Structures are given as structure tokens and as C-alpha cells.
There are 2 protein chains.
Amino acid sequence: MSDKIPYSDFAKLDLRVGEIKSVEAHPNADKLYVMKVDLGEGEDRTIVAGLRKYYSVEELVGKKAIFVANLEPAVLRGVESNGMILAAVSEDHSEVKILKIDGEMESGTRIS
Amino acid sequence: MSDKIPYSDFAKLDLRVGEIKSVEAHPNADKLYVMKVDLGEGEDRTIVAGLRKYYSVEELVGKKAIFVANLEPAVLRGVESNGMILAAVSEDHSEVKILKIDGEMESGTRIS
């Protein structure tokens, strides 16, 4: 069981709807994709995601998913990622499924 | 734009798949539901959610959604809530849509 946290800890997170505009294989890591994501800011973000084993490029492009939009940038095998996609991960990591919305919402819509 | 946060701030959250087992109108608040949610712990949690304007009881019962499982308990109009359901909320609050999984996952599955 994780430690209990106050609501203010949750509120630090900028969770948002984003649309995956493009997906490419990471040049130096065979488990990673490099995605361009519209988070409603006018300019797409580069976000690296470990989804290559679980989703094809075609299954991701054009989809809306949920992202942490305010993570500090992280360099993953030479590519800077500016956010993180959320996914449900089975205990043995055999299954990974991204989160989505129950319906349609604009890119940039906040999750709370 | 929100402040940037380290990954460790995200990792404090216990985000999980949960199945909504029952939904009742809150006795003292006409915007709130009182839900029983299976978060994979053997015992259902009571979680209060402001979804009454946006979802019928029938639309919620039996659905899997995403929850913050380790929030400190909060008493909402006399009912203790032990967690929070995640939803996309439009800027003017006219639309609220819960998050779901792109496929099927067991209750209790962690989001990361």
C-alpha cells in the first residue's frame, strides 16, 4: 500500500488530454517510441514512450490519450522527453494499455 | 502553465484501475454520488464523486475507470471518501468525461 497523500500533492500534476500526432521508432532504443503530441499549446511536444512492444504506430497515431504535461524534461537514450503518457501496466508487464476518455474532449483539457 | 515536477512527485500517486460496483445519490448533496469501487483490495472503497450532473447511475455501474487510490480520506457533506475518480473536465465545466482503459484490465492494475 502506498503512503497516503494530501490532495495538494495530486494537484501539483498537470494531467491533460493530448492527441498523438506522429509516432516514430526511437533511433537508439528498441522498446521506445518518439511521439509528437498536441497538448493544446499550439506547438507539439516530443514525448518518449515505452509502448513499442504493445502498440503499432498505426494504433497510436490520431488517438487521444492522457499525459503528465509538467514533468521535468528527461533524456531517454539521447532523446529529450517532455511529458509522459499514462497507461495501465499489468503486474508482470505482459500487458500495457493506454488510458483514454469516455467520449471526445479537446486536446489540452485538464484531468481532475 | 503548471510548475515542473520531478518524476518522484508523480510516483507518489497510487493511480489504479477500479470497477464501479454501485452508485447512489449522496444524501446531502445533489451534485454528488456515493460509489463503491473495487480497487483490487478484496474490499470495496467508498468514493464520493461529483458526477451526478454528467452521468446516470446506469452509465457508471459495472464500468472500469481510473482512481487515485492513496488520497487522504476526505469528508464530503458527511460522507467519507477514500479516493477520487479521474475525469477530463472542460474549461467551463459543461462537460465531464471519466477516463477509461483502451481495452480490459483487472481491477487494481497500476497506472504508470
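Buried residues are those with under 20% relative accessible area, exposed residues those with over 50%, and partly exposed residues those in between (1.4 Å probe, protein chains only). By this scale His93(A) is partly exposed, with a relative accessible area of 48%. The structure is a predicted model, in which local features need pLDDT of at least 70 and side-chain atom pairs count only at pLDDT 80 or more, while totals for chains, interfaces and linings use all residues. Side-chain values use heavy atoms, without hydrogens and water, residues are numbered from 1 along each chain as its sequence is written, and chains are lettered from A in the order in which they are written.

**Fold and dimensions of chain A**

- Chain A contains two helices and ten strands, where helices (H or I, at least four residues) and strands (E, at least two) are DSSP runs numbered from the N terminus.
- The order of these elements along the sequence of chain A is α-β-β-β-α-β-β-β-β-β-β-β.
- For 112 residues a compact globule would have a radius of gyration near 13 Å, and the 14 Å of chain A agrees with this; the radius is taken over C-alpha atoms, and the globule rule is 2.2 Å times the number of residues to the power 0.38.
- The C-alpha trace of chain A spans about 40 × 35 × 30 Å along its principal axes.
- Of the 112 residues in chain A, 50% are buried.
- Among contacts in chain A with a separation of 6 or more, 56% come from residues 24 or more positions apart; a contact means heavy atoms within 4.5 Å.

**Relation between the chains**

- Chain A is superposed on chain B by a rotation of 180 degrees with 0.0 Å of shift along its axis, at an RMSD of 0.0 Å. That is the relation of a two-fold axis.
- The superposition is by least squares on the C-alpha atoms of residues with pLDDT of at least 70 in both copies.
- Lys100(A) comes closest to the rotation axis among the residues of chain A, with its C-alpha at 2.7 Å. The same surface serves both copies, as 100% of the contact residues of chain A recur in chain B.

**Salt bridges**

- Over all chains there are 20 salt bridges, each being a side-chain nitrogen of Lys or Arg within 4 Å of a carboxyl oxygen of Asp or Glu.
- In chain A, Asp14(A) bridges to Arg16(A), with the closest N and O atoms 2.8 Å apart. Asp14(A) is buried at 1% relative accessibility, and Arg16(A) is buried at 8%.
- Asp14(A) and Arg16(A) belong to a network of salt bridges that also links Glu41(A), Arg45(A) and Arg110(A).
- In chain B, Arg16(B) and Asp14(B) form a salt bridge with an N to O distance of 2.8 Å. Arg16(B) is buried with a relative accessible area of 8%, and Asp14(B) is buried with 1%.
- Glu19(A) and Lys21(A) form a salt bridge at 3.9 Å, N to O, and Lys21(A) is partly exposed at 40% relative accessibility.

**Aromatic pairs**

- There are two aromatic pairs over all chains. One of them joins Tyr7(A) and Phe10(A), which are tilted, with 5.8 Å centre to centre and 50 degrees between the planes.
- Rings of Phe, Tyr and Trp (its six-membered ring) pair if their centres lie within 6.5 Å; planes under 30 degrees apart count as stacked, over 60 as edge-to-face and the rest as tilted.
- Both Tyr7(A) and Phe10(A) lie in helix α1 (residues 7–11) of chain A, three residues apart, or about one turn of the helix. Tyr7(A) is partly exposed at 46% relative accessibility, whereas Phe10(A) is buried at 3%.
- The rings of Tyr7(B) and Phe10(B) have centres 5.8 Å apart and planes at 45 degrees, so this pair is tilted. Tyr7(B) is partly exposed at 45%, whereas Phe10(B) is buried at 3%.

**Positive phi angles**

- Most residues other than glycine have a negative phi.
- His93(A) is not a glycine, yet has a positive phi near 65 degrees; His93(A) lies in the loop between β8 (87–89) and β9 (96–101) of chain A.
- Arg77(B), also not a glycine, has a positive phi of about 50 degrees. Arg77(B) lies in the loop between β5 (74–76) and β6 (79–81) of chain B and is exposed, with a relative accessible area of 56%.
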